[in-house]
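Open the model in your viewer and keep the sequence panel beside it. The stops below say what to select and what is there.

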Amino acid sequence: MDALAELLIGLGESERAKGLLERSAKLAPESGPSKWLYLGQMSTGWQALQHFSKGAELLKAELSARRRVGMEAGEDVDNETYAIMNQVVSAQCSIAELYLTDLCFEDDAEGRCQVALDEAMRMDVGGSPEVTQALANLRLSQENGEEAADLMLETVRRLNACQQEDYEEDIEDEGEKGREGERGLPLPNLMFRVQTAKLLLECQTFKTGKKCAKRAIKILEACKCEDDENMEVWYLLGVAYFTQRRPDLVMARAHLEYAQGEMRKRQQLNGGAGKNEADSDYGDHLRLVEEQLAMVVDAEEKGIKKCKEDGAAMEDDGDGHEERGVISSSSSSSSSEDSCSGSDADEGGGAMEN
């Protein structure tokens, strides 16, 4: 029954899968922790918390049983035990996220969130990006942006480690070293990576987060290759190119205009917005894209205006001051090019960081 439910989930038949999982949970509540984790993902609020907690409880019981038959604390864990420990980590991170969202108004939600994350960190033997991302989210809610930015950069490093074929190249580019003893983890799904990019963009404004937008661009460009019909990815790329330390207005505008055009087409195919709640949400998303696009266009116009002013100033300064004019022209020209092009010369890199 559980295997069939997993198959249905893979086929996108979530409702049918949920019915099977609920039936399995009633018939055999003390076996098969995975069904409880799936039910947690399909539920909200207290019900989701109960499901995740039950799944974590059964997983910990499995770990205790394995230790009783021969595994001692501190020894290297085998692959099966390693997988179970990472499932516990994921369950605890899911519990923490509930206290940051659905259950954020519960008594001591912040403290319970931290307890869940402490347990996740204690069990984290594989360098899971879920742990650092959930902790960064908590720190943002606590208005501790500097620590959140550091945690999100660590999350990116851990994501890179999940991509074994790219890992050595990435850490060489970043001047980093991999941590000994880390095993490869499966690459988190696209939804998780999009959320990673969102949190990176939130951290861009903090002192320790200067590189966050660039990291977000790399993640989002990979997501775009995986699913180029995801308009949220296109929108976030527009935001990322605009908010990085040296904005790339051309790339920002291109991504936002594409998102705007595609969303308008889909809105027309659906018969227009405002008929129901889903249509209203869609209209809100389109307005968000258009507001961001307007900011980019405004920045471009200001850049063009500055170019013209600098050009006029150079002409005026050149009259009767030939030698000085040459020096001034060289300096102003460089400044004007940066202002007009909006290209990302950050750390010697090009606009596209992939």
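Colour the chain by secondary structure: it comes to 15 helices and 0 strands. Helices (H or I, at least four residues) and strands (E, at least two) are DSSP runs, numbered from the N terminus. This is a predicted model, in which local features need pLDDT of at least 70 and side-chain atom pairs count only at pLDDT 80 or more, while totals for chains, interfaces and linings use all residues. Residues are numbered from 1 along each chain as its sequence is written, and side-chain values use heavy atoms, with hydrogens and water left out.

**The whole chain**

Show the surface. The accessible surface of the chain comes to about 19,500 Å², and 49% of that belongs to carbon and sulfur atoms. Such areas come from the Shrake-Rupley method with a 1.4 Å probe; for residues, only the protein chains shown count as cover. Of the 354 residues, 43% are buried. Buried means under 20% relative accessible area, exposed over 50%, and partly exposed in between (1.4 Å probe, protein chains only).

Contact means heavy atoms within 4.5 Å. Among contacts in the chain with a separation of 6 or more, 60% are between residues 24 or more positions apart.

**The largest pocket**

Select Q41, S90, S94, E130 and N189. Of the 38 residues lining the largest pocket, these lie nearest its centre. The elements giving two or more residues to this lining are α3 (33-41), α5 (79-100), α7 (129-141) and α10 (190-203). Which element gives the largest share of the lining? It is α5, with 11 residues.

The pocket has a volume of about 1,500 Å³. A pocket here is an open set of points on a 1 Å grid over the protein atoms alone, where a 1.4 Å probe fits, with protein on both sides within 12 Å along at least five of seven lines; lining residues have an atom within 4 Å of a point. Points are joined across faces, edges and corners, and the volume is the space filled by probe spheres set on them.

Colour the lining by class: 18 residues are nonpolar, 15 polar and 5 charged. Ala, Val, Leu, Ile, Met, Phe, Trp, Tyr, Cys and Pro count as nonpolar, Asp, Glu, Lys and Arg as charged, and the others, Gly among them, as polar.

**The nonpolar cores**

A nonpolar core is a set of buried Ala, Val, Leu, Ile, Met, Phe, Trp, Tyr and Cys residues joined through side-chain atoms within 4.5 Å. The largest one has 71 residues, and those touching the most other members include Y99 and L117. Leaving out residues up to four places away in sequence, Y99 touches L49, C104, A109, R112 and C113.

Select L63 in helix α4 (residues 45-68). L63 counts as buried because its relative accessible area is 2%. Beyond four places in sequence, L63 is in contact with T81, I84, M85, V88 and M123.

Next, select W234 in helix α12 (residues 231-243). W234 is buried at 13%. Its contacts, not counting residues up to four places away, are K224, D228, H255, Y258 and A259.

**Two loop residues**

Finish at D108, in the loop between α5 and α6 (109-123), and E143, in the loop between α7 and α8 (145-162). Though not a glycine, D108 has a positive phi of about 55°; E143, also not a glycine, has one of about 60°. Are they buried or exposed? D108 is exposed, at 56% relative accessible area, and E143 is exposed, at 76%.
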